[in-house]
Amino acid sequence: MGLKDDLERYREVGEERRQDLAEFIQYGDLGQSRGDSVRIPIKIIDLPSFEYDQRDKGGVGQGEGAEPGDPVGQPQPQPGDGDEDGEPGEEGGEHEYYEMDPEEFAQELDEQLGLDLEPKGKKVLEETEGDFTDITRTGPSSTLDFERLFKQGLKRKLAMDFDEEYVREALKVEGWGPATVFEWARERHMPVSKAWIDDAYDELDGDEKSTWASIEEMEANVEKVDTPTRIRRDGIEQIPFRREDERYRYPEIVEEREKNVVVVNIRDVSGSMRQKKRELVERTFTPLDWYLTGKYDNAEFVYIAHDADAWEVDREEFFGIRSGGGTRISSAYELAAEVLESEYPWSEWNRYVFAAGDSENSSNDTGERVIPLMEQIPANLHAYVETQPSGNAINATHAEEVERNFRDTDNVAVAYVTSPEDVIDAIYEILSTEDK
C-alpha cells in the first residue's frame, strides 16, 4: 500500500467510525460502557509508510536482501516468520476501543441519523447581561442613545421644514395679510405656524407689503427651493431635540436555563419476555440513555418493571429481571405518573417516557387505561418499543393500538424491533419524532 492509498484510507475513517458506532449499537457488548463513558470498538488503522519507487533502483540503503518496493526502515521477513498456513485476509480485523463521553456519543449519533436535536431548558439557572440592545425611556446619561435621539430630531426637522423666503414673498402680495398667507401655505402643505407668519409680517416695511400685485405674479417670479436642496446649500443650523425622544440603552437579560431531563424507562418483565426480547430492550434503551445524558446538563433515570403490577428497580435489575406473572401495562404508567408528579414537575423538567415489551397486555387495558394515562402525563416524548423476535403474536396488539390512537400526535413514537438490525431504525423513529 502506497502513500496515496493511505491518504485515501484516512478519508474513509470518518465513515468507518460511524459504521463502527452503528455496529456497536446493534451487536456490541454494551456492558463494557459506563454511564459517563461509552467504549466503542474501532478497527486499528495502519499508519502510512514510504516505499521505494519501482522505477528507481537507487535510494536509501536498506541492507542486504532488500528489494525495490519494500517499506523503508522495517526489518525484512526471514524464513519461518509469520503464519505458515492460511491465506491473507482470513483472520478477522484487530480492534481497539475508543472512549467517548455521552455528549460526544450524542453528537456522533446525531450525525449518524441526520438529526440535530436541541434540548429545551426549563428551570432558570442564571440571568446574565448580554449586549446593549434593549431600550428604555429612563437611565443614566452615559447610556443615552444619542444616535437615535439625533435621528428623531432630524426627522422632526425635516417634517417641520419649509422655505421661509418663499413664504415671506407671499406676505408681500398687495392686499394679503397673515391670515390669507396662512391659508395659502396650508393648502400647499407647508408646515408653517400662524405665529411665525404674524412675526414675519410685522418685520416687513410698509412698501414691501405691496411688492407683488397678485399671488400669481409672485409665484411666477420667485422659485421655491425644496428641503434637500436648501440643506445641501445651507446646512442645518440646529436640530430640534425633545426630551420625549430620549431613549437609553440597557443590556438584554439573557436567561441561562438548566437543561434537566428525567427519563422513565418502563419494561415488561412478565413470563413472555424471554432472553431475546430482553436483549432487544437493552440494545434500544441503553443508547437512548447515553444520548439524552449527552444532550442535557442534568439527566436522571427512573426504571420501572412491571408484570401485572409495577415497581421501581435499579438499572442492573431493569435489563435482567424476569417474572412469571401476567401483564398489565397500565400499572407501570400509574407508577410513572406518581413519580413524575412528586419528584419531577413538568415546569422544571424535560420528561421522556419510554416503554418496551412484546405488546402483550391484559384485555382492554391498553384502550381503557394506558392510552388515557399517556394523554394525562405531560412529556416531551412518549415512546413504545415492541420487541417480538418471532413476529407478532396473536394477542400482541398494544403497539398497534397506541400507534393507531396517536397517529396524529407529534410527541408519541412507536417502533418495532424484531432483531438487532432494527435497533438503529427504532432509535431514529423515536428521536426523529422528538425533532419534528
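**Core packing and salt bridges**

In the predicted model, Phe 354 contacts Val 263, Val 264, Asn 265, Ile 266, Phe 285, Leu 288, Leu 292, Leu 381, Ala 383 and Ile 430, with residues up to four places away in sequence left out of the count. The largest nonpolar core comprises 46 residues, of which Ile 25, Phe 105, Phe 285, Phe 354 and Leu 431 touch the most other members. Helix α10 makes the greatest contribution to this core, supplying seven residues. Another core lies apart from it and holds 28 residues, including Val 262, Val 264, Ile 266 and Tyr 344.

Helix α10 spans residues 275-295. Its 21 residues reach 30 Å from the first C-alpha to the last, close to the 30 Å expected at 1.5 Å a residue. Because 16 of the 21 residues are buried, α10 is largely enclosed by the rest of the structure.

The whole structure contains 11 salt bridges. Lys 277 pairs with Asp 358, with the closest N and O atoms 3.0 Å apart. This pair connects distant parts of the chain, 81 residues apart: Lys 277 belongs to helix α10, and Asp 358 to the loop between β10 (350-357) and α13 (365-376). Lys 277 is buried at 10% relative accessibility, and Asp 358 is buried at 0%. Salt bridges with shared partners also join Asp 309, Arg 328, Glu 334 and Arg 369 into one network.

Arg 188 forms salt bridges with Glu 187, at 3.8 Å between the closest N and O atoms, and with Glu 219, at 3.2 Å. Arg 188 is partly exposed at 33% relative accessibility, Glu 187 is exposed at 59%, and Glu 219 is partly exposed at 29%.

Definitions and conventions:
Residues numbered from 1 in each chain as written. Predicted model: local features only at pLDDT ≥ 70, side-chain atom pairs only at ≥ 80, totals over all residues. Heavy atoms only, no water. Helix = DSSP H or I, 4+ residues; strand = E, 2+ residues; numbered from the N terminus. Expected span 1.5 Å × (residues − 1). Buried < 20%, exposed > 50% of the residue type's maximum accessible area, 1.4 Å probe, protein only. Core = buried A, V, L, I, M, F, W, Y, C linked by side-chain atoms within 4.5 Å. Contact = heavy atoms within 4.5 Å. Salt bridge = Lys/Arg side-chain N within 4 Å of Asp/Glu carboxyl O.
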